[in-house]
Amino acid sequence: QVQLVESGGGLVQAGGSLRLSCAASGRTFSTLGMGWFRQAPGKEREFVGTIGYPGYNTAYADSVKGRFTISRDNAKNTLYLQMNSLKLEDTAVYYCAARRTFTIAVNSKLYDYWGQGTQVTVSS
């Protein structure tokens with residue numbers, strides 16, 4: 001089992017920045033591929049970014065490319081999502097996810113573990 005706990009969400013003005021964190025426990029972090037997903041009210045959960053181990057391979061949704069950066073601190077068993085130039089449409093609950101292989105993945109069905117989510121609200 002893997003436990004994932006997100007933090008760092010909140011209210012921010014458009015154009016601002018936030019950094020989300022996801023602390024992982026219960027399984028060796030080096031064996032996990034990690035991802036961030038988000039779900040806005042009334043919408044399907046969507047892919048945001050993914051990172052493999054040790055962290056060289058990443059992929060992003062087109063909607064966040066150039067604004068968001070996914071990273072991981074393997075010594076701290078923590079995943080991050082740095083979000084810059086935030087837009088109103090970035091408002092959503094953001095979820096951290098892990099999969100039992102160290103490679104990247106875009107499809108949410110390939111993830112085995114999920115956090116409880118953290119709310120990000122971007123205001124005008």
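Colleague: What does the accessible surface of the protein come to, and what share of that surface belongs to carbon and sulfur atoms?

Modeller: This is a predicted model. The accessible surface comes to about 6200 Å², and carbon and sulfur atoms hold 48% of that area.

Colleague: How many of the residues count as buried, as a percentage?

Modeller: The figure is 44% of the 124 residues of the protein.

Colleague: Turning to the fold, how many helices and strands does the protein have?

Modeller: There are zero helices and 11 strands. Reading along the sequence gives the pattern β-β-β-β-β-β-β-β-β-β-β.

Colleague: Why is the protein described as being as compact as a globular protein of that length?

Modeller: The radius of gyration is 13 Å, close to the 14 Å from the globule rule for 124 residues, so the protein is as compact as a globular protein of that length. The C-alpha trace spans about 40 × 25 × 25 Å along its principal axes.

Colleague: And what part of the contacts with a separation of 6 or more comes from residues 24 or more positions apart?

Modeller: Such residues account for 60% of those contacts.

Colleague: Next, the charges. How many positive and negative side chains are there, and how far apart do the centres of the two sets lie?

Modeller: The protein carries 13 positive and 8 negative side chains. The centres of the two sets are 4 Å apart.

Colleague: How many disulfides does a search of the whole structure find?

Modeller: The search finds one disulfide. The bond joins C22 to C96, with an S to S distance of 2.0 Å.

Colleague: Where do C22 and C96 lie?

Modeller: C22 belongs to strand 3 (residues 18–25) and C96 to strand 9 (residues 92–99), so the pair ties together parts that are 74 residues apart in sequence.

Colleague: Are those two cysteines, C22 and C96, buried or exposed?

Modeller: C22 is buried, and C96 is buried as well.

Colleague: Is the disulfide of C22 and C96 left-handed or right-handed?

Modeller: The torsion about the S-S bond is about -70°, so the disulfide is left-handed.

Colleague: On to the backbone. Is the peptide bond from Y53 to P54 cis or trans?

Modeller: The bond from Y53 to P54 is cis, and its omega is near 5°. P54 sits in the loop between strand 5 (46–51) and strand 6 (58–60).

Colleague: What is the phi of N77?

Modeller: N77 has a positive phi of about 55°, although N77 is not a glycine. The residue is found in the loop between strand 7 (68–73) and strand 8 (78–83). With a relative accessibility of 29%, N77 counts as partly exposed.

Colleague: And what is phi for S85?

Modeller: Phi of S85 is near 50°, again a positive value in a residue other than glycine. S85 lies in the loop between strand 8 and strand 9. Its relative accessible area is 41%, and S85 is therefore partly exposed.

Colleague: Is E44 buried or exposed?

Modeller: E44 is exposed, its relative accessible area being 68%.

Colleague: Which residues does E44 touch, not counting residues up to four places away in sequence?

Modeller: With those sequence neighbours set aside, E44 touches R38 and Q39.

Conventions:
Residues are numbered from 1 along each chain as its sequence is written. This is a predicted model: local features need pLDDT of at least 70, side-chain atom pairs count only at pLDDT 80 or more; totals for chains, interfaces and linings use all residues. Side-chain values use heavy atoms; hydrogens and water are left out. Helices (H or I, at least four residues) and strands (E, at least two) are DSSP runs, numbered from the N terminus. The radius of gyration is taken over C-alpha atoms; the globule rule is 2.2 Å times the number of residues to the power 0.38. Buried means under 20% relative accessible area, exposed over 50%, partly exposed in between (1.4 Å probe, protein chains only). Contact means heavy atoms within 4.5 Å. Accessible areas come from the Shrake-Rupley method with a 1.4 Å probe; for residues, only the protein chains shown count as cover. Lys and Arg count as positive and Asp and Glu as negative; His and the chain ends are not counted. The place of a charge is taken as NZ of Lys, CZ of Arg, CG of Asp or CD of Glu. A disulfide is a pair of cysteine sulfur atoms within 2.5 Å.
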